[in-house]
Amino acid sequence: MTVLLCGPRGFCAGVDRAIQIVVLAIKKYGAPVYVRHEIVHNRYVVEGLEAMGAVFVEDLSEIPDTGQPVIFSAHGVPKSVPEEASKRKMFYLDATCPLVSKVHKQAMRHNAKGRHVLLIGHEGHPEVAGTMGQLPQGAVSLIKSVDDVEIFEAIDNSALGFVTQTTLSIDDTMDIITALKKKFPAIAAPSAESICYATTNRQEAVKAAAPGCDWFFVVGAPNSSNSRRLVEVAERVGAANALLVQCEKDIPWQDLNGSHRIGISAGASAPEVLINEIIDSFKRRFKAKIELAVTAIEEEEFRVMRELRDVPLTNSDMAFVNGAG
Ligand code: SF4
């Protein structure tokens with residue numbers, strides 16, 4: 001059996017930065033540090049941070065007025081959230097990924113130019129709520145599919161602009177953008193690509209490795225948008241079976257007998273320690289040969305905010321922040 005391990009996979013620079021922010025804030029300000037929403041969509045990471053002293057909440061109203069910091073997750077938040085925090089004189093740190101903030105700015109730029117904004121994305125995802133919440137009610141319409149383009153009616157066809165969620169399927173999004181441009185030829189594109197480098201690179205790596213695989217496993221959480229897109233990509237390019245797994249226990253080991261080629265990748269919020277457990281299990285059970293399938297090298301790094309730059313990270317903090325343990 002050959003196991004193809006995709007690269008890039010797992011943690012991206014935005015996830016890495018968000019986890020660093022929580023770890024550094026706990027070190028600097030002491031526990032508890034409140035985090036609004038799962039800092040990144042992964043239970044292993046969330047539970048690890050809880051053990052260090054993070055308390056996860058869904059709403060600011062759950063946080064007592066003790067002066068302890070609150071951190072906003074990497075997915076971004078509507079403007080109403082920092083406004084409410086300021087009103088309550090809360091000390092907040094915003095761990096929104098800089099690439100999500102870039103999409104917020106693109107949406108605001110369209111709005112400032114008098115355009116109605118079409119946001120291509122998935123209903124209910126916190127990033128979508130955050131981007132829609134940058135603009136006044138009614139200024140943004142959510143477009144989930146090509147069918148939505150068909151039924152969308154604009155008040156002024158010459159005053160439209162679009163942006164996208166950062167973690168979408170590149171191919172599906174291209175279909176939606178093509179449909180938008182066909183129906184509204186004057187629609188303005190964002191000044192730069194909205195789908196992020198990490199989403200793009202992980203999908204390209206899966207496209208290269210998945211064809212011909214008997215099974216393709218993506219390590220990630222069910223609420224992780226970019227992980228679910230990787231499963232869809234693997235299926236589309238020809239993996240016989242593709243499955244989202246959270247950890248080694250989710251792999252249907254009994255069904256793998258007779259398989260020759262297995263692919264593995266991981267969404268941007270899945271720590272490497274979970275992938276290593278799976279690889280070890282493959283080696284033990286099948287004497288598998290592990291091959292790397294690398295399509296890009298990532299060097300992106302996002303710095304934490306100034307308030308936290310004076311806090312040192314120990315080796316064990318670093319291992320956790322990097323997903324290694
Ligand atoms: S997946 Fe992309 S947008 Fe999301 S945190 Fe990572 S780099 Fe940022």
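Predicted model: local features only at pLDDT ≥ 70, side-chain atom pairs only at ≥ 80, totals over all residues.
1. Residues are numbered from 1 along each chain as its sequence is written.

2. Let's start with the five-stranded sheet. Its strands line up as E10-E9-E11-E1-E12 in an open sheet with parallel pairing. Strand E10 and strand E12 (289-294) are the edge strands, each pairing on one side only. From one strand to the next, the twist averages 25°. A word on terms: helices (H or I, at least four residues) and strands (E, at least two) are DSSP runs, numbered from the N terminus, and two strands pair if DSSP finds at least two bridges between them. In general, strands of a sheet pair through backbone hydrogen bonds, either parallel or antiparallel.

3. Strand E9 (residues 215-219) is worth a look. Buried or exposed, what are the residues of E9? 5 of the 5 are buried, so E9 is largely enclosed by the rest of the structure. (Buried means 20 or more other C-beta atoms within 10 Å of the residue's own, exposed means 12 or fewer, and partly exposed is in between; C-beta atoms are placed from the backbone.) Trp215, Phe217 and Val219 point one way from E9, while Phe216 and Val218 point the other way.

4. E9 has partners on both flanks. With E11 it runs parallel, joined by 5 bridges, and phenylalanine 216 stands opposite glycine 263 in E11. With strand E10 (residues 242-245), E9 pairs in the parallel sense over 4 bridges; there, phenylalanine 217 has leucine 243 as its bridge partner.

5. Strand E1 (residues 2-7) also runs parallel to E11, with 4 bridges between them. Leucine 4 stands opposite glycine 263 in E11. Helix H8 lies across E1, E11 and E12 and runs at about 155° to E1. For such angles, axes are lines fitted to C-alpha atoms, for helices over the stretch in contact, and angles run from 0 to 180 degrees between N-to-C directions.

6. Now zoom in on serine 265, which sits in strand E11 (residues 261-266). Serine 265 is buried, with 31 other C-beta atoms within 10 Å. Leaving out residues up to four places away in sequence, serine 265 touches Cys6, Arg9, Arg202, Ala205, Val206, Val218 and Leu230. (Contact means that the C-beta atoms of two residues, placed from the backbone, lie within 7 Å.) Alanine 234 is 31 residues from serine 265 along the chain, and their C-alpha atoms are separated by 9.8 Å.

7. There is another open sheet, with 3 strands in the order E7-E6-E8 and parallel pairing. Strand E7 (140-143) and strand E8 (160-164) stand at the edges with a single partner strand each, so one side of each is left without a neighbour in the sheet. The twist in this sheet averages 25° from one strand to the next. Strand E6 (residues 116-120) is joined to E7 by 4 bridges, and isoleucine 120 has isoleucine 143 in E7 as its bridge partner. Helix H7 (residues 170-183) lies across E6, E7 and E8, at about 150° to E6.

8. How do domain 1 and domain 3 meet? Through 8 residues of domain 1 in contact with 7 residues of domain 3. On the domain 1 side, H8 and helix H9 (225-236) each supply at least two residues, and the largest share, 5 residues, comes from H9. That side divides into 1 nonpolar, 5 polar and 2 charged residues.

9. Last, the ligand. Of the 15 residues around the ligand, Cys12, Gly14, Cys97, Thr166 and Cys196 come nearest. (A residue is near a molecule or strand if its C-beta atom, placed from the backbone, lies within 6 Å of it.) Helix H1 (13-29), helix H4 (98-112) and helix H8 (197-209) are the elements that give two or more residues to this shell, with the largest share, 3 residues, from H1. By class, the shell has 10 nonpolar, 5 polar and no charged residues. Domain 1 and domain 2 each contribute at least three residues to the shell.

Technical notes. Nonpolar A, V, L, I, M, F, W, Y, C, P; charged D, E, K, R; others polar. Domains from an automatic or database assignment.
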